[in-house]
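Thanks for coming. I will walk through one protein chain, and I will keep to what can be read from the model.

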Amino acid sequence: MITRWLVVPLSVLSLGLLIVSNLVLQTRVVRNWFEHKLERRSGCEWNIGSLSWTPWTGIQMRDVTAELRNQEAGMTVRSLCRADVDVQVYWDALPKGMFEPREVRIRRGTIAIPMELLALLPGEEAPGKEPTASPEGSPEPGGEKSEVGPKPGGKKSGSQSARGREQDRPPAGRPFMVILDRCEIGVYSNKGKGKGGFALHNLRGELPLQGEDAPGWIECDGFTLGGRVLSGAWRNRVEWHRPFLRLAPTEFEWEGLSVRSEGSIRMRGTPRFLVKIEVPVGPMRMNRVPMALWSGMGVEAGRVHMRGSLRGTLTSLNSWRGDLEVEASGLGLTHAVWGDKVAFEHGKLTASMRGGTFQVIDGRLHSEQLSFLGNGMMVPDGRVRGVLRVVADHDRAAAITRFAVGAMLTGGWTRSWLVPLVTSDRHYRDLQLQGTLDRAVVDVGRKGEDMEVSQVWNRMIAFVKNETEETERGVVPTHQDQFLSQ
């Protein structure tokens with residue numbers, strides 16, 4: 001009976017303490033205290049819209065934003081981070097004076113990273129210097145042989161080595177999980193007024209970052225660059241193998257190609273990372289893949305080989321080292337409605353990243369009738385520069401001129417958009433690209449006048465759509481208006 005009488009007052013007291021504590025958390029003084037803690041750790045200016053807690057749901061922070069400090073004049077005012085955050089903690093650690101999170105859930109998070117900020121990342125390692133201990137595809141790579149021939153007791157030695165590696169791993173600790181729920185991550189340039197850029201959409205995942213080895217997953221709806229789709233939805237397994245979070249080695253089929261990918265990032269100590277992707281050499285044919293949807297065009301290849309990697313220290317842009325090589329043969333561009341086809345005997349792309357600068361060393365598509373050759377670079381603050389040379393025979397040069405005039409790229413009629421290359425049977429034009437990732441211009445005018453790439457893109461879309469619609473209505477377009485007609 002006494003116990004029953006005590007339960008009601010204790011319940012009322014607990015409810016009262018919960019209400020009072022939440023009222024205290026909502027005060028500006030307490031929120032300022034939390035914001036200053038975050039600012040000291042990150043160097044950003046934080047603002048917490050509301051703060052509350054319950055024993056069941058943990059700590060809830062709503063309308064959390066992070067802003068860059070000391071923004072330069074003219075820089076776009078854009079939040080570095082905006083999200084709702086739920087934090088589950090180990091309550092039994094609080095009486096010991098420890099704040100030990102069990103789970104962090106980020107809801108509707110938006111992370112917008114200016115490329116100018118990447119350029120200011122501290123240079124922990126000299127530009128071009130290879131990281132001293134990059135993570136490998138497996139957190140436990142096999143040891144190198146120091147002597148030729150087997151050692152006595154090799155099996156015992158191997159087992160001792162395996163036990164040694166296991167002992168060298170940091171203690172597991174209690175499990176800790178980060179859950180991503182409908183998040184967006186983007187990289188943009190302030191010199192382009194914060195528009196477009198690279199974006200990863202609707203990111204979801206469950207990422208174990210502490211505790212015993214455990215599986216997880218990550219997925220998103222796709223990638224875009226400047227508002228244009230680069231890749232569709234994807235999903236992949238991840239694995240926590242302390243101290244690494246690994247993108248599990250995966251092999252999947254894509255349009256007839258076998259693609260292999262893997263990666264890892266060190267979550268304790270120096271945050272080194274490694275990402276690899278490969279399409280192995282072999283007699284594999286790439287099925288017709290639609291390009292930009294508005295163009296109605298697709299690309300296919302008789303043979304493709306690709307190999308790429310990126311590694312370095314996450315917080316030191318100067319340490320990032322990447323290489324990409326793509327080779328293809330038997331390439332063909334076709335139009336779904338017109339049925340015309342442009343064939344290329346060979347295609348190649350070689351690119352690298354050193355000291356924060358991404359460089360296309362060599363990019364080319366080659367055939368006897370039409371070839372494209374180019375190179376370019378993008379520096380850490382988002383500035384880009386490049387050149388694309390178009391080389392064509394007489395018929396293709398005439399077709400390209402008609403396309404440029406029809407799409408209103410030339411600013412009016414011109415006899416030829418290209419000029420002779422040594423002899424009159426070969427013509428060329430060098431297209432110079434410069435500006436920023438979000439706002440670049442190219443000299444497409446008759447006399448080399450500049451036009452924004454976005455404007456060139458939109459005019460090409462309008463022209464091709466108009467020609468396609470006329471063909472579908474039964475109006476036969478004149479070959480004078482078709483780029484692929486020759």
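Before anything else, one term: when I say that two residues touch or are in contact, I mean that they have heavy atoms within 4.5 Å. Please also keep in mind that this is a predicted model.

Leaving aside residues up to four places away in sequence, M61 touches I48, S50, L51, D84, V85 and V87. M61 belongs to the largest nonpolar core, a set of 31 residues. M61, V87, L203 and L207 are the residues with the most contacts inside that core. Which elements give two or more residues to this core? They are β1 (45–54), β2 (58–67), β3 (81–89), β5 (176–188), β6 (198–210), β7 (214–220) and β10 (234–241). Another core lies apart from this one, with 30 residues, and L333, L409, W417 and L418 are among them. As general background, nonpolar side chains in soluble globular proteins tend to be buried together.

Now the chain as a whole. The protein chain has 6 helices and 25 strands. Of its 486 residues, 38% are buried. The accessible surface is about 27,500 Å², and carbon and sulfur atoms account for 59% of that. What share of the contacts between residues at least 6 apart in sequence join residues at least 24 apart? In this chain the share is 51%.

Strand β19, residues 357–366, and strand β20, residues 370–378, run antiparallel and are joined by 6 bridges. The two form a hairpin, with 3 residues between them. To follow the pairing on screen, find F358, which stands opposite M378 in β20. Then find Q359, which stands opposite M377 in β20. In general, side chains in a regular strand alternate between the two faces of the sheet.

β20 has a partner in strand β21 as well, residues 383–393; these two strands also run antiparallel, with 9 bridges joining them. Here F372 stands opposite V390 in β21. The hairpin of β20 and β21 has 4 residues between the strands, and in it G382 takes a positive phi near 100°.

One more strand residue before I move to charges. V304 sits in strand β16, which covers residues 303–313. Is V304 buried or exposed? Its relative accessible area is 9%, so V304 counts as buried, the cut-off for buried being under 20%. V304 and E327 are 23 residues apart along the chain, and their C-alpha atoms are separated by 5.8 Å.

On to the charged side chains. In general, side chains of opposite charge can pair when their charged atoms come close. The count of salt bridges in this model comes to 21. I will go through some of them.

R105 forms a salt bridge with E103, and their closest N and O atoms are 3.7 Å apart. R105 is partly exposed, at 23% relative accessibility.

R364 and D362 meet in a salt bridge at 3.2 Å, N to O. R364 has a relative accessible area of 33% and is therefore partly exposed. D362, in contrast, has 17% relative accessibility and counts as buried.

E452 forms a salt bridge with R439, with the closest N and O atoms 3.3 Å apart. Where do the two partners lie? E452 is in strand β25 (residues 450–452), R439 is in the loop between β23 (423–436) and β24 (440–443), and the two are 13 residues apart. E452 is partly exposed, at 28% relative accessibility, and R439 is partly exposed too, at 38%.

There is also a network of salt bridges, which links R62, D86, R107, D181 and R182.

R242 is placed in the loop between β10 and β11 (244–254). With 10% relative accessibility, R242 counts as buried. The side chain of R242 makes a polar contact with the side chain of E212, at 3.5 Å.

To close, two items to locate in the view: the core that holds M61, V87, L203 and L207, and the antiparallel strands β20 and β21. That is the end of my part.

Definitions and conventions: Residues numbered from 1 in each chain as written. Predicted model: local features only at pLDDT ≥ 70, side-chain atom pairs only at ≥ 80, totals over all residues. Heavy atoms only, no water. Buried < 20%, exposed > 50% of the residue type's maximum accessible area, 1.4 Å probe, protein only. Areas by Shrake-Rupley, 256 points an atom, 1.4 Å probe, with all protein chains shown as cover. Core = buried A, V, L, I, M, F, W, Y, C linked by side-chain atoms within 4.5 Å. Pairing = 2+ DSSP bridges. Polar contact = N/O pair within 3.5 Å; in protein donor to acceptor, adjacent residues only side chain to side chain. Salt bridge = Lys/Arg side-chain N within 4 Å of Asp/Glu carboxyl O.
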